[in-house]
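Please look through the sequence and the model below before reading on. The paragraphs that follow move from the surface to the loops and then to the aromatic rings.

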Amino acid sequence: MVRISKQANTNVDVFLVIVAVAAENASFFFLLPEYGGKWKMLHYFARNFFAPVLPVAFEEHGTLLIYGVSDLPSNLKLILQVKVYKWNLMKPVCVYATESFILKARTAAPVYKEVTDNLLRRCDCSRYNCIVTFYLEENGQQLGPSNYYLLSSLKDAQMLRKPQVNATISQQGETYWITLKASSIAPYVWLDVGSIRGRFSDNGFLMLENIKLTTFHPWRPTNISELRKSLRVHSLLDIY
């Protein structure tokens with residue numbers, strides 16, 4: 001445990017406290033934004049996994065389980081949409097929707113269960129060439145973020161091709177819309193605008209479809225020309 005002295009009222013003292021906390025719990029360090037307030041990939045992930053309504057998946061004894069999680073104070077009538085993609089295709093090879101169900105307030109409950117081998121056989125997949133994605137729907141509209149389950153490590157993924165991801169920028173008021181077009185599935189797409197301070201509506205995401213829209217909210221005046229010069233788009237396969 002770190003104890004903060006009453007005399008810890010200088011910048012140096014505060015810095016030492018932060019370092020001490022980070023040394024005891026490395027995860028704390030990674031929750032700190034970069035200098036200037038720029039969000040890290042973990043911040044965008046955290047916003048999704050702390051969403052009030054979210055589906056989550058795991059495997060147990062060879063069975064894929066998906067749970068619906070709700071922090072909301074009222075019950076929800078939902079449908080779970082499940083899509084299976086092959087790494088080399090931007091269209092799902094399997095699509096499945098559950099019957100409607102009630103997800104009770106402030107609870108987590110199983111909403112989907114299937115033997116993983118049966119799922120793979122039905123979708124003509126292996127663990128190394130497919131990915132399972134899913135999201136919740138209410139009245140035909142997606143509720144909460146999408147989620148996905150990796151059937152193998154990405155380093156072992158087969159048929160995953162290096163994507164070409166191009167970006168175009170438009171402006172509406174003080175918000176900048178970025179349209180991304182990918183040639184193939186792109187894991188962990190990361191947008192960076194250099195020294196231009198601000199945040200994206202989404203970043204560090206798995207791009208499964210050909211086109212994705214995200215927005216950039218600057219914290220200082222900028223323009224399309226400056227953003228075009230600064231914007232860099234990367235994906236995981238730019239590293240490997």
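Is Ile211 buried, partly exposed or exposed? At 46% relative accessibility, Ile211 counts as partly exposed, where buried means under 20% relative accessible area, exposed over 50% and partly exposed in between (1.4 Å probe, protein chains only). The model is predicted, so local features need pLDDT of at least 70 and side-chain atom pairs count only at pLDDT 80 or more, whereas totals for chains, interfaces and linings use all residues. Residues are numbered from 1 along each chain as its sequence is written, and side-chain values use heavy atoms, with hydrogens and water left out.

Ile211 belongs to strand S14 (residues 211-218), strands being DSSP runs of E with at least two residues, numbered from the N terminus.

Most residues other than glycine have a negative phi. Arg106, although not a glycine, has a positive phi of about 50 degrees; Arg106 sits in the loop between strand S5 (101-103) and strand S6 (107-115) and is exposed, at 60% relative accessible area. Met159 likewise has a positive phi, near 70 degrees, and is found in the loop between strand S8 (141-150) and strand S9 (165-172), where Met159 is partly exposed at 37%.

The structure holds six aromatic pairs, counted when ring centres of Phe, Tyr or Trp (its six-membered ring) lie within 6.5 Å, with planes under 30 degrees apart called stacked, over 60 edge-to-face and the rest tilted. One of them is the tilted pair of Phe200 and Phe216, 4.8 Å centre to centre with 50 degrees between the planes. Because Phe200 lies in strand S12 (residues 198-200) and Phe216 in strand S14, the pair ties together parts that are 16 residues apart in sequence. Phe200 is buried at 4% relative accessibility, and Phe216 is buried at 0%.

Notes: Helix = DSSP H or I, 4+ residues; strand = E, 2+ residues; numbered from the N terminus.
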